[in-house]
Every structure is written in C-alpha cells, then in structure tokens.
Amino acid sequence: MLGWRLAGKSPIFSAAEDAEVHSLAVIRPPSFAYRRILSAATHYAEQQLFCDGVPLARLAEDYGTPLYVYSATAIRARLRAFDAAFRGIPHTLCYSVKANSSLAILRLVARAGHAFDIVSGGELERVLRAGPRSAGKIVFSGVGKTRDELSMAVRAGVLLFNVESASELRALAETAMRLGRRARIAIRVNPDLPAKTHPYISTGLRQHKFGVPIPDAERLYAEAARHPALRVAGVSVHIGSQIADVRSFRAALERVASLVSRLRRAKHPIRYVDAGGGLAIPYNGTRRDFRRQFAAYARAVSQPLRGLGVHLLLEPGRSMVGPAGVLLTRVLYRKTNGSTRFLIVDAAMNDLIRPALYGAQHEVVPVRLTSARTVRKEKTDVVGPICESGDFFAHGIHLPPVSEGALVAILDTGAYGASLGSNVNSRLKPAEVLVDRRTARRIRRRERPADLIRLESL
Ligand code: LLP
C-alpha cells in the first residue's frame, strides 16, 4: 500500500494543468481520472491517475508491470447506455468477444443479461465457461468456420449462425443434419459500401472477403429454405470497425431493410437483423459523451428498420470495453539518439499491437503529475523493448518529464489490447486486473517462463 491521501484544492497546479486534468475526468467518467493527492513521503501535492478510486500506482506495486487494468464500472455503464439507446426497438446486445475475451469480463457481460458474438470455437468455449447459461444467446460470425467449430456450435445450440458463403451454408447444413439438429441462419450480406476507417478493419466493400453480395444472398436464402436442417431466421451485416460516421451504418441498414422486405415477400421468415458492431471510440481524448454517441448510432441503425418488426441484434465490442481499460507500464530507460528522446518502457507490441499494426494513436500519460513549477513538456517517443522499430506506442508526443522507474498509462486499451496479445520475442503476457467498486481483482496472472514452453517438446 502506498501512503497516499486525497488532498483538497492546491495552488500548486496551474489553471491549464487543472483544465487538462479536468478534461480527463470529464471524458472518462467515472473511471480513469487524475486526483489531487498529498504524498505522505514528500508532503508535496501531486496528481495521480486512479481507476475508480484505486491508485494505478498501487496496482503496479501489487501486480507488477506491464499490467492491464479494467474498470468494471465503466464497462457496465457502457453496456447499460448502449442497451438504453435501443430501448425503442426489440433488441439484444451481443457483446463481441474478440474485443476483450477475458473470462471475468465475459462473466460481467453475462451477469448484466447480455448475449455474445463469437468468431471461433475458442470464443465459444470461453463464453460457455463464463456464462454456462449463455449458449442460446450466442451469434456465431466469421468467414472461415471449420466443421469442428460448426459442430461445437450446433451442439451448444447457439441462437444464430451468420453464414458467409454458399460453401459454408452447405457445411453447416451437413453438420446439423448429421447431428440431427436444425441450425438457425442469417446470411451475412456484403452491402458494397465504403466506411471511413483503417483499410484493415473495413469489411463492407465487394472486394473484401466478407459476406455475400446481396443478389447472391437472395439465391442462398432460397437454397437454405429448402434444407431440412436449416431454418432461415435473419439477415446480418457488419461493415467494419472504428467507424465514427454513423451515416455509414444507416446506409448499410437501408440496404438490409429493403432486402428484408424482398425476402419476406418470398416467404422467408426473417425475424432478426444483425447489425454487427463497429462503432468508433475517440482515441484522442476528445470530450464526447458516449451516451449521446450511442443514441446517434441507435437512430442510424434502427430508423431504416422502422415498421419491419424485426428483432435487432447488435455486436458492439470496442465501444463497450475500449475506454474501460489502460495498459500500465514502467519506464525502464531514457535515452536520446541524435535529437530523438526515447522512453523505453516495459510493455511492448506483444502486449498492445495496435500502434504497430494500424498506426493507432493511443494517448500515453504519466501516472503521476508533479508540481506545475517543474513541468516543461518534452517531445518523446515511447517505445518497447522488442527488436523491431515497429515496436512503439507513440512518436513525438509531448509529455511532462517522466523519470526512469516512473509509470505511464496507455489509455483506451480495453479493446483489442490483451486480446491481440502474443508472445513475440518470447515475452511473457502481462497480468490483468479488474477494478470493481474500489476492489481490484487479478483476472489473469502474469505468464511465467514455464508457460511459454509448456506445449513444446524437445
Ligand atoms: N461483429 C463482427 C462480425 C466483427 O467482425 C467485429 C469486429 C465486431 C462485431 C466488433 O466490432 P467493434 O464493435 O469492436 O468495432 N483489431 C482491430 C479491430 C478488429 C475488428 C474486427 N471485427 C483493432 O484493434 O482496431
């Protein structure tokens, strides 16, 4: 335990600094915010980053670094707000497991009464472990489901298969037939619409591998309807991820809505429309009220479906967990090469690959901000220890001086952080902690060297 206590208003901080601190508090209510405290050791006031009342510095002491820290309160608040935004239409929130597949987070989602979107047998296994009663609340997406995965999911009795090709439809039909079961299907359509996002995570154009072009889908529905082991139940679409302009979703759902009408005229019992996921989160600290953003998204998605009487399935991932997590890391070394100043931290691209893979810019902030008098920002690169220049978290950002041994937090890493983690350079995956009502719980222990070689033989 560190000897911190909360301090009252202090004249030590400049108005600008207070404003900066305030803005963090505003955009991430109520989870990751600075608090002004008095250091018991030095009696100086300073600002420290907290997660729901728990100082991140204490978590780093208790669990080591690098460390993922998630706020259960923030996740619940987002789930609740998202669900509320769709209150005008029958719907089910199917949390997209790929964003953060930690069992503890899946359990939290299950206990909040929500459903799941999965893309692999591994994710199915996780959901069944975390929420044993969730089997009937799973939608199974993905362009390359194996026959084994299809059988696992048919046996589990998932709610809906989002089928992405004629061949997959036949594989599913055969699998269900063999198991003596009937599988509910939606065809994932490819609306051939652009969405403004990184090309690697844009999925709704004809040249992408995803979905089935709408005219071909109509033929597939006819084929599915004839198969005794399949039950036509819905239409699905997913145009990509980190999409900020909700008009893209509206355009996709307009195409889906007219397809639903045509399918119903052809007597297909379309009950579900699965609108996929994809809503962006602000990574640059923009002050934005997520409730209003969810409301705008809900209007864009549901207005085109008005009057159809469908049950909407939603697959949000990032927007539920992204802002609810940080990656805490400690500065190992400072160095300057030529004119470039580096902070070499103990986290690396194996812990968080988004900057390397998509050029993603996550805010990096010091966990402690000391007296304003000493604060002159430095232009810095924040990099990890892996032997590739692609192993960076930030280039040329302006940070208050951060000394060796100090902590920094990489923000908005609750989604596609740990879940994209690897053992590159035989690095050990970090521990993960969930803070729930001021109590921190380790939900994954740090890997040990023995974990790395456990599955290998000489
Ligand atoms: N449904 C389907 C069928 C998906 O493919 C995805 C994401 C989602 C839902 C959830 O989308 P979200 O609400 O999280 O945007 N690794 C990338 C993101 C990959 C997203 C893949 N599919 C990143 O770090 O940005």
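Colleague: How many salt bridges does the count come to?
Modeller: The count comes to 18 salt bridges. The term means a side-chain nitrogen of Lys or Arg within 4 Å of a carboxyl oxygen of Asp or Glu. This is a predicted model, where local features need pLDDT of at least 70, side-chain atom pairs count only at pLDDT 80 or more, and totals for chains, interfaces and linings use all residues. Residues are numbered from 1 along each chain as its sequence is written, and side-chain values use heavy atoms, with hydrogens and water left out.

Colleague: Which residue meets K145 in a salt bridge?
Modeller: E168 does, at 2.6 Å, N to O. E168 lies in helix α7 (residues 166-178) and K145 in the loop between β8 (138-140) and α6 (147-156), so the pair ties together parts 23 residues apart in sequence. Helices (H or I, at least four residues) and strands (E, at least two) are DSSP runs, numbered from the N terminus.

Colleague: Is E168 buried or exposed?
Modeller: E168 is buried, at 5% relative accessible area. K145 is buried at 9%. Buried means under 20% relative accessible area, exposed over 50%, partly exposed in between (1.4 Å probe, protein chains only).

Colleague: New topic. What does R206 pair with?
Modeller: D192, in a salt bridge of 2.5 Å, N to O. R206 and D192 are 14 residues apart, each in the loop between β10 (183-190) and β11 (212-213). R206 is exposed at 59%; D192 is partly exposed at 27%.

Colleague: And D351, which partner?
Modeller: R427, with the closest N and O atoms 3.3 Å apart. D351 is buried at 2%, and R427 is buried at 16%.

Colleague: Which residues do shared partners join into one network?
Modeller: R76, D436 and R437.
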